[in-house]
Structures are given as C-alpha cells and as structure tokens.
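Please have the model open while reading.

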Amino acid sequence: MINPFDIVRRGLQVEYFARTESTNKLAREDNSGKSCLWIADFQSAGRGQRGNSWYSIEGQNLMFTLSLFPTSVAAEDQFQISEITALSVCKVLEQVGITAQIKWPNDIYVGDRKICGILIEHDLAGKYLSRSIIGIGINVNQCEFDKSIPNPTSVSLESDCQYFDRNRILQNFVDIFFDLYGQLVNGENFDSIYVSNLYRRDGKYYPYRLASGIEISARIDGVDSFGRLKIKDSEQNDYSLAFKEIEYIIG
C-alpha cells in the first residue's frame, strides 16, 4: 500500500485511493482549484495514449496523477510539461540503476520494452495554460504481464525481480519533477536534453508506419518547437509529425 503521509507535499494536496476508476478522472472532476497528487493502488479504467487501457496488478505498481496550475507557461510551450515529466521518470529510474529513454512523445522505454506510460491533458486560458493533468503509470514490482500487452517490463524485472519501495520512488519523482518544474517556470528550456534522451536517437534508421499506412525507414532528428517529431527517411525526405501521425514498428 502507498502511504500518502510519507509523501513530502511540495505544496500539494495528496489523495490516496485503494481502488478507483482512474486518477486522471478524479483530477478532471476536481474543482477545488488546488494542486493535488492523486494516487491509487488499483485503477479499473486507467487510460494510456491512443485511447489504450492501462492494466496493472493491484498493489504492485505506481499509478498517480499530478494536477497543476502552470498559469505562467504559454500555451505554445505546453510540450515542455511533457518533456520535464518524461525526464523526471528517466531520472528516478536512473536512481534505481535503470537506464531508460523517452519513446516520443512520452512513453518510457528500457531497451525495446515499455516501463512507463504518461497521459497529459491541458486546459487553456487564452495564451496560457490554466491546468495540467499529468497521469503516470510506472511498472515497479510486477514481474508477470498479460501476453496481450506488447513488450512490457518493470523496475523489478530489470533487476532480477527484486522488490522496490514504491513510496520512495514516488517521493523521488515528486522531488525531481518539482525541481525541473521550478526551472521551467523560470524560463528554462528542456528541448535539447529531452531530445538527447529520445529512444532511437542514435542516427540509425528504424521502421515506422505513417498514418497513411505507408511503412518507411527513418532516423530521428529531434522535435520542433511544437513538440512534433522530426525524422528523415532513407530517401532523405524530411518529416515533422504530430502525435498519431507516426507509429513505431518494434520487434
């Protein structure tokens, strides 16, 4: 069980649920106007990117949502929230001896295996963000996964099935995230460090599928100012692609 009283607040209200539908849903329905960390040991209707479900064995992993009000962040800079979130997960995994990379836009991979999913929803007020709902699922102690789930892994699986303290990992994430968040609101830009941590950012050509269904071989060149993925195919054609306009072909 996650102990919410062990989490240093960083100005956050902390809400813990043994079971809930979705911590993102709880955050979305909250009208208190307070920054909050929503934590659950089990979600019956967790969501991932592309409308996928997020499945987790009860009490083994981390499932939580940060609800923030980054009103000084311009709407055009909203991808910076994704960048610092993904970088925070990579940094907290590094603390337990795991080298992870960011599969654009914000899945976290160890090698070719997914260890964390992130789902972020923003509300806007004119030219600025009014609220960010940041949902995160990190596979921590789960060592067996449903065979229908493609290429999963966990902190434990990457460490010979050792048991890890979820509270400590969550606390470390909160500390790292708010350090980076403070830098962000003070004008720091995270594009270059984000790009340097991208999965497949090694100059090699890998297979991808475009929204049209066409398969190409391409290398990742980075992201543009709107967070779109910049790639160059083997015919030296350049693309700048938004989410859902490209699919990674793995394995």
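## Helix crossing

H2 (residues 79–95) passes H3 (residues 166–185) in a right-handed crossing, meaning that the near helix is turned clockwise from the far one by less than a right angle. The H2 and H3 axes, lines fitted to C-alpha atoms over the stretch in contact, come within 9 Å and cross at roughly 140 degrees. Residues in contact (heavy atoms within 4.5 Å) include Ile 84, Ser 88 and Val 92 of H2 and Phe 173, Phe 177 and Tyr 181 of H3.

## Basis of the model

The model is predicted, with local features needing pLDDT of at least 70 and side-chain atom pairs pLDDT 80 or more, while totals for chains, interfaces and linings use all residues. Residues are numbered from 1 along each chain, and side-chain values use heavy atoms, without hydrogens or water.

## Helix H2

In H2, 14 of 17 residues are buried (under 20% relative accessible area, 1.4 Å probe, protein chains only). Just after H2, Gly 97 has a positive phi of about 85 degrees.

## Strand S3

Seven of the seven residues of S3 (residues 62–68) are buried. Leu 62, Phe 64, Leu 66 and Leu 68 point one way, and Met 63, Thr 65 and Ser 67 the other.

S3 runs antiparallel to S2 (residues 36–40), joined by five bridges, with Ala 40 opposite Met 63. Seven bridges join S3 to S7 (residues 128–138), also antiparallel; here Thr 65 stands opposite Gly 135.

Methods: Buried means under 20% relative accessible area, exposed over 50%, partly exposed in between (1.4 Å probe, protein chains only). Helices (H or I, at least four residues) and strands (E, at least two) are DSSP runs, numbered from the N terminus. Two strands pair if DSSP finds at least two bridges between them. The expected span of a helix is 1.5 Å times one less than its number of residues. Axes are lines fitted to C-alpha atoms, for helices over the stretch in contact, and angles run from 0 to 180 degrees between N-to-C directions.
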